[in-house]
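Dear colleague,

Please find below the structure that I am passing on to you. My notes on it follow directly after.

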Amino acid sequence: MSGYVDIGLDQGTGDIAYENGKMKWVTGDDEVMQRVKIRLRRVYGEWFLYYTAGIPYFNGRMLGANDYDYVKLTLRNEIIRTKGVTACNAMNLLVDPQTHKVSVYAEITINANVYKLNEEL
C-alpha cells in the first residue's frame with residue numbers, strides 16, 4: 001500500500017519519533033504496521049469524532065474475562081479491518097491474570113510480506 005505517510009511514533013513511549021533531530025516519517029508497510037498498533041491501543045469511545053471506533057476493553061468481556069476466544073476474535077478483527085492488511089495468519093495471546101495485561105503475538109501479511117507483531121496492551 002503506497003501513498004500513505006504518517007508521523008513516526010516511538011515504539012517504547014508512543015510519542016513522536018525523532019531521527020537526527022528531525023521528526024521521523026513512516027510510509028508503506030511500516031505505516032500500516034504502525035496503524036495496526038494504534039488501532040489495538042484505541043479504547044472504544046475515546047475519540048470524540050468517531051466514538052464507535054476502538055476496542056471495547058471495558059465492556060466486561062475483555063479485561064479480566066476468561067473468554068479468551070472472544071478477546072482473540074475481537075483483536076484479530078481489528079487487525080484484519082486495518083486498511084493495507086491482507087491477512088492475520090497466526091495469533092496468540094498471553095494474559096497476566098494479576099495485572100490484566102494482554103500481550104498479542106501475531107503474524108500479519110501486508111503486500112505479500114509477513115510481519116511479526118508483538119504488542120502489550
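I begin with helix α1, whose 14 residues reach 21 Å from the first C-alpha to the last, close to the 20 Å expected at 1.5 Å a residue. Please bear in mind throughout that this is a predicted model.

Helix α1 is mostly covered, with eleven of its 14 residues buried. The buried residues are Gly28, Asp29, Glu31, Val32, Met33, Gln34, Arg35, Val36, Lys37, Arg39 and Leu40. The elements that cover them include β1, β4 (25-27), α2, β5, β6 and β7.

Arg35, one of the buried residues of α1, has its charged end over the ring of Tyr4, at 5.4 Å from the ring centre.

Helix α2 has 13 residues, which should span 18 Å at 1.5 Å a residue; the C-alpha atoms at its ends are 18 Å apart, so the two values agree. Within α2, the buried residues are Tyr70, Val71, Thr74, Leu75, Glu78 and Ile79. They pack against α1, β5, β6 and β7 (113-120).

Glu78 of helix α2 deserves a separate word. Is this residue buried or exposed? Its relative accessible area is 6%, which is under the 20% limit, and Glu78 therefore counts as buried. A polar contact of 3.1 Å joins its side chain to that of Arg39, a buried residue of α1. Leaving aside neighbours within four places in sequence, Glu78 is in contact with Arg39, Leu40, Gly54 and Ile55. The C-alpha atoms of Glu78 and Val36 are separated by 7.9 Å, although the two residues are 42 apart along the chain.

**The nonpolar core**

The largest nonpolar core has 20 residues. Which of them have the most contacts inside it? They are Leu75, Ile79, Ile108 and Leu117. The elements that give two or more residues to this core are α1 (28-41), α2 (68-80), β5 (85-95) and β6 (102-110). Strand β6 provides the largest share, with five residues. As a general matter, nonpolar side chains in soluble globular proteins tend to be buried together.

Ile108 shows how several parts of the chain come together at one residue. Not counting residues up to four places away in sequence, Ile108 touches Met33, Val36, Ile79, Val85, Ala87, Asn89, Asn113, Val114, Tyr115 and Leu117.

Thr109 lies in strand β6. With a relative accessible area of 13%, Thr109 is buried, because this value is under 20%. The side chain of Thr109 makes a polar contact of 2.8 Å with the side chain of Asn89. Apart from neighbours within four places in sequence, the contacts of Thr109 are Gly84, Val85, Thr86, Ala87, Asn89 and Val114.

Most residues other than glycine have a negative phi. Asn111, which is not a glycine, has a positive phi of about 50°, and Ala112 has a positive value near 65°. Asn111 is found in the loop between β6 and β7, and Ala112 lies in that loop as well. How accessible are they? Asn111 is partly exposed, with a relative accessible area of 38%, whereas Ala112 is exposed, at 70%.

**Other points**

The count of aromatic pairs comes to one. Trp47 and Tyr50 form this pair, which is edge-to-face, at 6.4 Å centre to centre and with 70° between the planes. Trp47 counts as partly exposed at 38% relative accessibility, and Tyr50 counts as partly exposed at 46%.

Gly14 is found in the loop between β1 (5-7) and β2 (18-19). Its relative accessibility of 29% places Gly14 among the partly exposed residues. The C-alpha atoms of Gly14 and Ile38 are separated by 9.1 Å, and the two residues are 24 apart along the chain.

With kind regards

Note on methods:
Residues numbered from 1 in each chain as written. Predicted model: local features only at pLDDT ≥ 70, side-chain atom pairs only at ≥ 80, totals over all residues. Heavy atoms only, no water. Core = buried A, V, L, I, M, F, W, Y, C linked by side-chain atoms within 4.5 Å. Buried < 20%, exposed > 50% of the residue type's maximum accessible area, 1.4 Å probe, protein only. Helix = DSSP H or I, 4+ residues; strand = E, 2+ residues; numbered from the N terminus. Contact = heavy atoms within 4.5 Å. Polar contact = N/O pair within 3.5 Å; in protein donor to acceptor, adjacent residues only side chain to side chain. Expected span 1.5 Å × (residues − 1). Phe/Tyr/Trp six-rings, centres within 6.5 Å; stacked < 30°, edge-to-face > 60°. Lys NZ or Arg CZ within 6 Å of the ring centre and 35° of its normal.
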